[in-house]
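I opened the model to look up a few residues. These are my notes, in the order I made them.

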Amino acid sequence: MAVGFWLLVVACEQPKEHTAPAIHDRDSVSMMTTYGVNTLVSDSGVIKYRIVTERWDVNTIKQPTRWTFERGIFLEQFDEKFHIEGYIFADTAWYYDQKKLWELRGRVRIRNLNGVVFRSEELFWDGINHEFYSYKYSRVVTPERELEGTYFRSDEQMHHYVVTNSTGSFQSSDIDPEEEEKPKDNEKNKNAADTAKQEQPIRRAAVKHKATTRTVQP
């Protein structure tokens with residue numbers, strides 16, 4: 001009887017499904033996805049940037065909220081008079097709008113009006129503190145020098161920057177300082193000619209005399 005009762009209970013029990021909570025699309029999908037973007041972006045009512053990219057995703061669900069540029073970005077920066085101050089290029093970029101922080105990855109390139117060129121595989125742009133910084137190998141090229149290092153920090157205009165663990169080269173004259181003190185061959189020849197000309201004796205010019213006839217009386 002006990003065995004029969006146990007078989008009856010097992011037969012009447014229904015299997016339970018073990019399911020996980022539902023995953024909603026809005027948990028991970030971007031709120032906006034735009035292709036072929038070429039647009040102007042303003043800051044505090046003033047147009048400051050031009051963004052050119054193949055794809056722009058805006059996600060307000062992920063924390064922190066962000067803009068994603070997975071197919072690269074070209075960013076131009078303007079002054080108050082709408083003059084181009086420089087450009088930024090990267091293979092991939094994220095902009096965390098609440099932090100005003102750009103994270104650039106891949107082939108990162110920057111160039112400004114002063115002719116300063118920055119190259120690296122990583123760059124962070126802090127819009128609150130108005131500075132750039134990178135913890136990877138970076139190269140800075142200016143009209144006067146070239147610097148390389150594994151840590152970089154600079155203001156937004158790249159007027160003042162720090163590069164640590166660095167190596168660099170500076171422009172210098174190709175002429176040896178000792179060679180500069182030696183007179184050139186042309187100058188030697190010229191000086192020797194001038195000296196010879198000054199030391200050459202001056203000859204008196206020949207004076208012609210009229211032939212005269214003298215009569216001698218006996």
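Is M158 buried or exposed? I found M158 to be buried, because its relative accessible area is 4%; buried means under 20%, exposed over 50%, and partly exposed in between, with a 1.4 Å probe and protein chains only.

Before going on, I noted that this is a predicted model, where local features need pLDDT of at least 70, side-chain atom pairs count only at pLDDT 80 or more, and totals for chains, interfaces and linings use all residues. Residues are numbered from 1 along each chain as its sequence is written, and side-chain values use heavy atoms, with hydrogens and water left out.

Entry: I placed M158 in the loop between β12 (151-155) and β13 (161-164); strands (E, at least two residues) and helices (H or I, at least four) are DSSP runs, numbered from the N terminus. Phi of M158 is near 55 degrees, a positive value in a residue other than glycine. I then looked for a residue touching M158 and took V116, which also touches I110, R111, V140, V141 and T142, not counting residues up to four places away in sequence. Contact here means heavy atoms within 4.5 Å. V116 lies in the loop between β7 (101-112) and β8 (117-126). V116 counts as buried because its relative accessibility is 6%.

**Entry: Y137.** I found Y137 in the loop between β9 (131-134) and β10 (138-141). Y137 is partly exposed, since its relative accessible area is 47%. Leaving aside neighbours within four places in sequence, the contacts of Y137 include R119, S120 and E148. What joins the side chains of Y137 and E148? I read a polar contact of 3.2 Å.
A polar contact is a pair of N or O atoms within 3.5 Å; within protein, one must be able to donate a hydrogen and the other to accept it, and residues adjacent in sequence count only if both atoms are side-chain atoms.

**Entry: F82.** I located F82 in the loop between β4 (73-78) and β5 (84-90). F82 is partly exposed, because its relative accessible area is 41%. Phi of F82 is near 70 degrees, which is positive in a residue other than glycine.

**Entry: P64.** I checked the peptide bond that joins Q63 and P64 and noted it as cis, with omega about 0 degrees. P64 lies in the loop between β2 and β3 (66-69).
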